[in-house]
Amino acid sequence: MAIIRLSRRACQKLKEMARSGSSGREVRRAQALLWLHQGKSMTGVAQQLGLSRPAIYKTVERYQSRSEEPVEQRVRDRPHPGRPPTKREQVQEVIADLLKQPPQRYGYGALVWTTPLLHQQVQRRLHQSVSQWTVRRALRALNSRYKRLRYVLARRSATWRQAKGGSNAA
């Protein structure tokens, strides 16, 4: 006896989602609903998917309570609003302006922008504390590449004269 009854159209949509879903959660939910429709037990489905029985019950309940929505929406997660990334957006705007000009214009001796220099300048412009990680995330969001420069002179090996055919006596 099936725990849940699905229409033919819903079965087709769920099979598509189970085959090529964009989210692992959606795929698991679609598989659970299909297996329950085929008559598998709640415990068997839970074990096969590596979930608890209450999680499977909740999936079925959620699917049935959203009956007015399309099948794809019934299986998907609801949007999670969260806190908006306002500080990072401000940092991105400042960094986009800074990257257009060389750091010498702001009194730095460096030839290119580095994360610590950008961090310092962003804090001055915004008049608030910003972490270096926020600066790095903003750089990544702007698709800007950055790397730490190393001011190290080339070092010769202690035996470089020998390699050139001379003696090591200085």
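The lining of the largest cavity is made up, by class, of five charged, three nonpolar and one polar residue, where Ala, Val, Leu, Ile, Met, Phe, Trp, Tyr, Cys and Pro count as nonpolar, Asp, Glu, Lys and Arg as charged, and the others, Gly among them, as polar. The model is predicted, with local features needing pLDDT of at least 70 and side-chain atom pairs pLDDT 80 or more, while totals for chains, interfaces and linings use all residues. Residues are numbered from 1 along each chain as its sequence is written, and side-chain values use heavy atoms, without hydrogens and water.

One cavity of 30 Å³ or more is present, a cavity being a set of points on a 1 Å grid over the protein atoms alone where a 1.4 Å probe fits but cannot get out. The largest cavity holds about 40 Å³ of space, the volume being that filled by probe spheres set on the points, which are joined across faces, edges and corners. Its lining residues (an atom within 4 Å of a point) are Arg-29, Leu-33, Thr-59, Arg-62, Tyr-63, Arg-66, Arg-74, Val-75 and Arg-76. At least two of the lining residues come from each of α2 (24-37), α4 (53-65) and α5 (71-75), helices being DSSP runs of H or I with at least four residues, numbered from the N terminus; α4 gives the largest share, three residues.

Elsewhere, helix α7 (residues 115-126) packs with helix α8 (residues 132-141) at about 105 degrees, their axes 9 Å apart, with axes fitted to C-alpha atoms over the stretch in contact and angles running from 0 to 180 degrees between N-to-C directions. α7 is therefore roughly perpendicular to α8, a term for angles of 65 to 115 degrees. Thr-115, Pro-116, Leu-118 and His-119 of α7 meet Gln-132, Val-135, Arg-136 and Leu-139 of α8 in this contact, defined by heavy atoms within 4.5 Å.

Methods: On a 1 Å grid over the protein atoms alone, a cavity is a set of points where a 1.4 Å probe fits but cannot get out, and a pocket is an open set with protein on both sides within 12 Å along at least five of seven lines; lining residues have an atom within 4 Å of a point. Angles under 35 degrees count as roughly parallel, over 145 as roughly antiparallel, 65 to 115 as roughly perpendicular and the rest as oblique.
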